[in-house]
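Have the model open while you read.

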Amino acid sequence: MLEHGGRLLRAVRHYGIPREDWLDLSSGIAPWPYPIPPIPTQAWARLPETEDGLEEAARRYYGARQLLPVAGSQAAIQALPTLRQIGRVGVLSPCYAEHPLAWQRAGHELVELADDGVDAVLDSLDVLVLVNPNNPTGRCVPRERLLEWHARLAARGGWLVVDEAFMDNTPAHSVVDCAERRGLIVLRSFGKFFGLAGVRLGCVVAELPLLQRLAESLGPWTVSGPTRVLAQACFADQAAHAQQMARSNMASQRLAALLREHALAPDGGCDLFQYVRREDAAQLHEFLARRGILVRLFVQPAAVRLGLPANGADERRLAQALAAYQKETA
C-alpha cells in the first residue's frame, strides 16, 4: 500500500516514544472533531437503509441535487476507473497518490501533468483527474477553468474527476453544484472538515446513471448505520460549520506565520494544512519525529506537509522544535 499520513503507531514503534507524547500533524484533518451525537441502538442492530435522512442532509450541505454516500471517498477513487473502458487519463501532479495508482491498476494509460500543461493535451485525454484544493500543495484551480475543461472533455464523452476533499472550508470554489452535468464527477470527504476521519464517509456527486452504476459496483450497505446517524447531525449543524471554518482559517494562518518565522516559508497550503518544499525535507521530518512531532514527508518533490496544531500549547511545542532546527542548521 502507498504511504499516508496518520501512521502514528508505526512512529511510536520506530522512535520508542509513547503514543500520548506525540504531536501528530501528519494528516490534513481538522484537529477539533465534532461531538458524537447519541446513537440509537437500532442504528447498530439493523442493516442500514438509504434515504433515511443522510442523503437529504448531504444534498443540502453540499448544494447538490443527487449524490451517493460511500465508505470514504477512497472507495470511489478505487471503483471509478473500473467503470470506463481503458483510455488515456491525465492527472494533475503531484496529488493524492491513490488517484494515479487506481487508474493504472485498472489498465488505463496515465499522463502526469503540470497545471500549465493541461490545455495542450486535454483533447487527447479521456479523463482528467485533479484534487482541488490540491493535496499536498494546496493549489486551487479556478472554478471557471474547471468548467471549461469539463466542457471540452464532455463533448467527446470524457470525464472530469474533481476530488474536493479539502473544499469544505472554501465552498465558493466548488463545482459540486454543476455535477449533475454529464461527465463531471465530484468527490467530497466528510472526515477532514468535521475532524472525524475514523467514521469513513464520503460522497460522490455526479449524474444519476453514473451514481447508479457506482452503487452497483460497490454493493449494498457501504455506509454503516451509526455513521449515517452521526453524519446527519454534523451536516445539519450550520453554526458549528461557521465556527470550524473560522478557526481552521485562523489556525492555518498562524501555522504559516510560524513557519515563515523559522525560515520555512510555505510553498502552498489551504485552511487545513501548510506545504513546505525543502531539499532537506527528510532531515526536517526526522528532526521533528525524534522530538515526538510527526509531519508528512514527500520524496518527489522533497517536501513536508504540516496539519494544524489544535491549540496554543501545540503551536508553542512546534515553534520550539522549529527554532531548534533553525539553530542546528544555521
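Let's start with Cys140: its sulfur sits 9.1 Å from the closest cysteine sulfur, that of Cys270, and so is too far away for a bond. A disulfide here means a pair of cysteine sulfur atoms within 2.5 Å. By that rule the structure holds 0 disulfides. Cys95 is in no disulfide either, with the nearest cysteine sulfur, in Cys270, 15 Å away.

Before going on, a word on the ground rules. This is a predicted model, in which local features need pLDDT of at least 70 and side-chain atom pairs count only at pLDDT 80 or more, while totals for chains, interfaces and linings use all residues. Residues are numbered from 1 along each chain as its sequence is written, and side-chain values use heavy atoms, with hydrogens and water left out.

How exposed or buried are these spots? Take buried as under 20% relative accessible area, exposed as over 50%, and partly exposed as in between (1.4 Å probe, protein chains only). Cys95 is buried at 13% relative accessibility, and Cys140 is partly exposed at 34%. The table puts these beside some other residues discussed below.

| Residue | Relative accessible area | Class |
|---|---|---|
| Cys95 | 13% | buried |
| Cys140 | 34% | partly exposed |
| Thr137 | 15% | buried |
| Arg200 | 43% | partly exposed |
| Ala263 | 48% | partly exposed |
| Val70 | 1% | buried |

**Around Thr137**

Thr137 belongs to the loop between β5 (127–131) and α7 (143–154). Helices (H or I, at least four residues) and strands (E, at least two) are DSSP runs, numbered from the N terminus. A polar atom of the Thr137 side chain lies 3.3 Å from the backbone nitrogen of Arg139. Which residues does Thr137 touch, leaving aside its neighbours within four places in sequence? With contact meaning heavy atoms within 4.5 Å, they are Pro94, Gly268, Gly269, Phe273 and Tyr275.

A cis peptide bond joins Ser93 to Pro94, with omega about -5°, and Pro94 is in the loop between β3 (88–92) and α5 (98–105). Another cis bond runs from Gln300 to Pro301, again with omega near -5°. Pro301 is found in the loop between β12 (296–298) and β13 (303–307).

**Positive phi**

Arg200 is not a glycine, yet its phi is near 55°; you'll find Arg200 in the loop between α8 (191–194) and β8 (202–205). Ala263, also not a glycine, has a positive phi of about 60° and sits in the loop between α11 and β9. Gly63, which follows α3, has a positive phi near 70°.

**Helix α3 and strand β2**

Helix α3 (residues 54–62) has Leu54, Glu55, Ala57, Ala58, Arg59 and Tyr62 as its buried residues. Their cover includes β2 (68–70), β7 (184–189), β8 and α10 (225–236).

Val70 is in strand β2. Leaving aside neighbours within four places in sequence, Val70 is in contact with Arg200, Leu201, Gly202, Cys203, Val204, Leu218, Thr222 and Val223.

The chain splits into domain 1 (8–33 + 239–329) and domain 2 (49–236), with bounds from an automatic or database domain assignment. Their centres, taken over C-alpha atoms, are 27 Å apart. The contact draws 19 residues from domain 1 and 23 residues from domain 2.

How much area is buried between domain 1 and domain 2? About 1500 Å², of which carbon and sulfur atoms give 67%; buried area is the accessible area (1.4 Å probe) that two parts lose on being put together, summed over both. Ile29, His241 and Met245 supply 32% of what domain 1 buries against domain 2, more than any other three residues.

On the domain 1 side, the elements that give two or more residues are α11 (238–261), β9 (268–270) and β10 (273–277). Of these, α11 gives the most, with 4 residues.

Notes: A polar contact is a pair of N or O atoms within 3.5 Å; within protein, one must be able to donate a hydrogen and the other to accept it, and residues adjacent in sequence count only if both atoms are side-chain atoms.
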